[in-house]
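Please look over the sequence and the model first, and then read the notes below alongside them.

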Number of protein chains: 2
Amino acid sequence: MSNNTAIRDLLAFQRQTEALAGVAGRLGWDQETVMPHGAAEQRSEEMAAMEGVLHARRTDPRVGEWLEAADPKDDFERATVRLVRRSYDRMTKVPSDLAQEIARATSVAQGVWAAARASEKVADFLPTLGQVIALKRQEAACLAQGGDLYDALIDDYEPGASAASLAAMFGRMRPRLVALRAAVVAKAPPAAVVGVFPEAQQLALSREVATAYGYDWSRGRIDLAVHPFSSGGGNDSRITTRVVESDPFNCIYSTIHEVGHSSYELNIAQDYLLTPLGSGVSMGVHESQSRIYENQIGRGRGLTSWLYGRMREVFGDFGIGSAEAFYKAINRVQPGFIRTEADEVNYNLHIMMRFDLERAFVRGDLAVKDVEAAWNDRFRADFGVAVDRPRNGMLQDVHWSVGLYGYFPTYALGNVYAGCLYTALTAAVPELEAQLARGETGAAVGWLRENLQRHGGLRGPRETIAAACGFEPSEGPLLDYLEAKFRALYSL
Amino acid sequence: MSNNTAIRDLLAFQRQTEALAGVAGRLGWDQETVMPHGAAEQRSEEMAAMEGVLHARRTDPRVGEWLEAADPKDDFERATVRLVRRSYDRMTKVPSDLAQEIARATSVAQGVWAAARASEKVADFLPTLGQVIALKRQEAACLAQGGDLYDALIDDYEPGASAASLAAMFGRMRPRLVALRAAVVAKAPPAAVVGVFPEAQQLALSREVATAYGYDWSRGRIDLAVHPFSSGGGNDSRITTRVVESDPFNCIYSTIHEVGHSSYELNIAQDYLLTPLGSGVSMGVHESQSRIYENQIGRGRGLTSWLYGRMREVFGDFGIGSAEAFYKAINRVQPGFIRTEADEVNYNLHIMMRFDLERAFVRGDLAVKDVEAAWNDRFRADFGVAVDRPRNGMLQDVHWSVGLYGYFPTYALGNVYAGCLYTALTAAVPELEAQLARGETGAAVGWLRENLQRHGGLRGPRETIAAACGFEPSEGPLLDYLEAKFRALYSL
């Protein structure tokens with residue numbers, strides 16, 4: 001790649017840092033899947049020790065010197081320097097005392113949040129929440145250096161995004177989503193799937209669906225977890241799922257979602273293994289992969305007709321008489337309190353609400369004592385229903401307890417990017433739906449692999465999407481897709 | 001514990017080192033149980049990066065300074081200083097280039113050994129073996145500083161042991177073992193267990209047996225592995241087992257053996273967690289726990305009569321008509337090529353042979369080109385049978401490929417120590433066999449926990465055994481136990 005000594009040294013050093021980051025990530029997987037519960041306290045010391053090692057490496061003064069001396073010659077080297085500089089600058093701007101205090105406070109806060117959510121006592125969570133927000137505002141001030149605090153936080157998850165551009169985008173999305181939802185809910189809802197779907201068959205079917213999506217079992221595995229996630233990268237990226245025996249779609253679509261995330265990691269070019277380019281480029285682009293696997297591909301007419309056949313074979317009769325009725329059941333639009341269970345029409349409205357509330361936190365415009373009222377007022381305004389209990393309201397998400405401010409909008413960006421990619425994908429593979437109806441995802445996931453996934457961190461997030469699509473990303477394709485799909489589905 | 005700043009700083013630093021060592025160990029567990037096979041190469045980079053981190057910490061000059069300045073005030077602090085000094089001295093004596101070369105060479109050699117074992121081509125393994133031996137001799141020379149090379153290597157596994165003392169002990173053991181074996185094999189062998197024992201039931205029974213031995217499932221778990229092992233310490237120590245459907249004892253006694261190792265780690269005093277005292281004190285003492293759980297307790301008349309009842313309930317009739325016949329079947333003495341499958345009478349004879357051969361390697365008295373002939377000659381002399389194929393001969397064990405010279409004798413020491421502990425245990429718990437016949441191990445494992453396991457690294461290995469037993473350890477109790485057991489069993 002180059003004879004440049006500084007870049008060679010930087011890459012050699014970085015290779016070990018990436019390997020150690022992989023080890024730390026594996027500890028998280030272990031904790032959520034197989035760890036004996038009595039090991040929790042010891043594990044938190046192990047995690048903290050690994051974080052200490054990683055922080056020391058990422059802020060090592062030699063990294064600064066190598067970056068200074070580097071003279072990148074090609075796209076790979078330029079991306080390497082850009083990505084390491086970004087990490088180095090961010091980490092050296094935040095005093096290590098503050099970073100440790102945030103790590104400690106958010107670790108405690110997650111437990112406090114979980115307990116408050118279980119007991120539904122909002123007041124138990126508020127002091128801790130206030131502390132986390134105060135610390136994150138301090139961190140943001142270090143990072144922003146006079147600029148917008150919330151932008152500085154977003155930048156950790158989605159480099160290049162800004163609150164202003166997101167607010168403008170949400171402003172354009174809201175009226176079309178609200179209008180679509182109003183038209184849909186005026187119609188009678190389609191029949192839902194009802195029955196008992198045994199765990200063993202759900203898991204076997206999930207494995208089959210993951211295989212149909214091309215998930216590479218030689219470099220991955222599936223386990224059960226309370227909240228499904230994917231974990232790891234390079235040649236070891238694992239997924240998890242969960243089973244609700246009354247709702248087979250929970251398991252199947254959680255699996256597909258995580259297969260999307262995991263396949264992105266596994267499909268990055270092997271040349272980038274253990275380099276700064278060897279991971280998904282941003283949370284938004286990552287979510288675009290999980291979402292297009294799950295929604296545009298997985299909840300479309302083609303794949304659901306294949307899935308209907310498989311489910312009939314596995315589970316027998318479950319009260320849905322045709323592939324068309326099955327497609328409608330899977331795509332029911334209905335009001336609900338919980339973001340993670342929201343349909344494609346409602347989902348982004350949940351995000352917009354969180355975006356506005358967390359911006360107010362970070363600006364200092366919303367005090368924690370007022371957050372429950374603010375949440376409930378806003379929910380009633382946006383969804384027309386009163387929140388019935390805290391676990392269906394502001395205690396539903398883990399994010400704010402663990403300091404993830406600026407993270408929620410990446411979910412909506414992922415949907416928007418998935419909309420763009422789907423437009424480009426259907427143009428490139430006109431026979432897509434016919435293939436999916438046979439359970440054949442090869443052309444679709446192959447197109448995503450070649451045009452997006454394999455490039456890892458070579459380009460910035462928007463540039464990654466633009467290069468794959470051949471056009472600048474915007475919310476238009478997603479909204480067009482949603483309107484077309486749900487107008488047809490609800491005969492509007 | 002003390003206001004001594006140097007010791008406080010040392011313990012704080014060491015706490016993170018211990019936590020990181022736990023992380024590295026967990027990677028090994030992951031690799032052998034759940035890792036997707038395509039991740040192997042990446043994993044070796046992760047392991048090497050962790051080793052680099054640990055080596056840097058263990059040889060950090062500050063450790064030397066703290067040791068220099070330390071003024072230990074009590075037993076805990078004295079043990080801390082002793083254990084850290086030991087590790088620091090050993091690691092700083094070996095140049096880091098050589099340490100890395102050994103790590104690299106043994107990692108490669110393990111693969112070469114496995115391939116040669118599979119193809120049974122000894123010649124494919126010999127050049128690699130020669131390279132590993134040469135490197136280990138260099139390492140031994142750094143450590144021995146003019147003393148005996150083999151002693152310097154043993155010391156890594158069994159501090160305080162020496163080739164001379166082991167040779168003398170083996171010299172005393174051999175005639176009595178050989179005489180016992182000769183008397184036994186002159187008699188007709190007892191009936192063996194035959195049948196097919198389904199995997200699911202074997203695993204369920206193994207869990208039940210582990211529970212009966214007091215294994216703490218809240219801080220451990222069981223998985224399948226090709227070669228059973230236990231892994232981890234503190235509050236997370238896991239076991240593995242394997243299943244051979246024609247031989248239920250493989251699974252059950254592998255499980256009991258690993259429960260012994262794992263319980264030792266789990267039962268160390270919580271005050272010692274993440275300190276230098278928080279692990280088993282030596283390989284020999286570790287093996288004494290796995291062996292006494294497996295043999296003196298697990299293969300005795302009491303526990304086997306309970307196990308017979310459970311197996312009849314789980315598997316139905318398997319051709320053994322009484323608890324007495326079952327006890328005899330489990331304790332069949334028979335010639336065999338494989339160390340790990342050897343009965344209690346033959347086992348230590350396998351060790352003596354390896355001990356002599358590897359001492360000759362390390363002295364430079366045995367060239368690798370001659371090792372197969374040396375092995376086969378010695379095996380015929382010691383066991384009266386000709387080795388039929390390399391995988392039943394010198395290719396059976398992984399140890400020499402991965403550089404474990406001086407490790408084999410710790411297995412025999414474990415047996416010797418288990419013999420001592422059993423003498424003390426039966427004196428302390430006279431009703432032991434009656435309890436075990438009811439599947440009650442509480443008094444036995446409680447005695448081991450309180451008198452040995454909880455003390456971790458507080459004392460040296462021999463001192464640990466002596467403190468538990470109330471007498472100096474020797475081979476006498478083991479030989480007395482074996483003679484009494486097998487004379488009765490074979491009506492000699």
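The domain bounds used here come from an automatic or database domain assignment. On that basis, chain A is divided into domain 1, covering 5-154, and domain 2, covering 199-339 + 408-489.

**Confidence of the prediction**

- Chain A has an average pLDDT of 96, and 99% of the residues score at least 70.
- For the model, the scores are ipTM 0.93 and pTM 0.94.

**How the two chains meet**

- Between the chains, 31 residues of chain A are in contact with 31 residues of chain B.
- On the side of chain A that touches chain B, the elements giving two or more residues are α1 (5-33) and α2 (40-58) of chain A, and the largest share, eight residues, comes from α1(A).
- By residue type, the side of chain A that touches chain B divides into 14 nonpolar, ten polar and seven charged residues.

**How the two copies are related**

- Two copies of a chain are related by a rotation about an axis and a shift along it.
- The same surface serves both copies, since 100% of the contact residues of chain A recur in chain B.

**How the two domains of chain A meet**

- The C-alpha centres of domain 1 of chain A and domain 2 of chain A are 28 Å apart, and 19 residues of domain 1 of chain A are in contact with 17 residues of domain 2 of chain A.
- On the side of domain 1 of chain A that touches domain 2 of chain A, α1 and α4 (75-93) of chain A each supply at least two residues, and the largest share, twelve residues, comes from α1(A).
- The residues on that side of domain 1 of chain A, where domain 2 of chain A is touched, are eight nonpolar, six polar and five charged.

**Nonpolar cores**

- The largest nonpolar core has 95 residues, and those with the most contacts inside it are Leu153(A), Tyr213(A), Tyr417(A) and Leu421(A).
- Helix α16 (residues 408-428) of chain A gives the largest share of this core, eleven residues, while domain 1 (5-154) and domain 2 (199-339 + 408-489) of chain A each contribute at least three residues to this core.
- Apart from this core lies another one, of 93 residues, among them Ala210(B), Met283(B), Leu395(B) and Leu448(B).
- When residues up to four places away in sequence are not counted, Leu153(A) touches Lys136(A), Ala140(A), Val362(A), Tyr405(A) and Gly406(A).

**Two residues with positive phi**

- Most residues other than glycine have a negative phi.
- Glu120(A), which is not a glycine, has a positive phi near 55°; Glu120(A) is placed in the loop between α5 (96-119) and α6 (122-144) of chain A, and counts as partly exposed because it has 13 C-beta neighbours inside 10 Å.
- Gln145(A), also a residue other than glycine, has a positive phi near 45°; Gln145(A) lies in the loop between α6 and α7 (149-154) of chain A, and is exposed because 8 other C-beta atoms are within 10 Å.

**Two further residues and their surroundings**

- Leu489(B) is placed in helix α20 (residues 476-489) of chain B and is partly exposed, with 18 other C-beta atoms within 10 Å.
- Leaving aside neighbours within four places in sequence, Leu489(B) is in contact with Lys328(B) and Asn331(B), and the C-alpha atoms of Leu489(B) and Pro190(B), which are 299 residues apart along the chain, are separated by 9.6 Å.
- Val429(A) is found in the loop between α16 and α17 (432-437) of chain A, and counts as partly exposed, with 17 C-beta neighbours inside 10 Å.
- Leaving aside neighbours within four places in sequence, Val429(A) is in contact with Ala443(A), Ala444(A) and Trp447(A), whereas Val429(A) and Glu68(A), 361 residues apart in sequence, are 45 Å apart in space, C-alpha to C-alpha.

Key: Residues numbered from 1 in each chain as written. Chains lettered and ligands numbered in written order. Predicted model: local features only at pLDDT ≥ 70, side-chain atom pairs only at ≥ 80, totals over all residues. Contact = placed C-beta atoms within 7 Å. Helix = DSSP H or I, 4+ residues; strand = E, 2+ residues; numbered from the N terminus. Nonpolar A, V, L, I, M, F, W, Y, C, P; charged D, E, K, R; others polar. Core = buried A, V, L, I, M, F, W, Y, C linked by C-beta atoms within 7 Å. Buried ≥ 20, exposed ≤ 12 C-beta atoms within 10 Å, placed from the backbone. pLDDT = per-residue confidence, 0-100.
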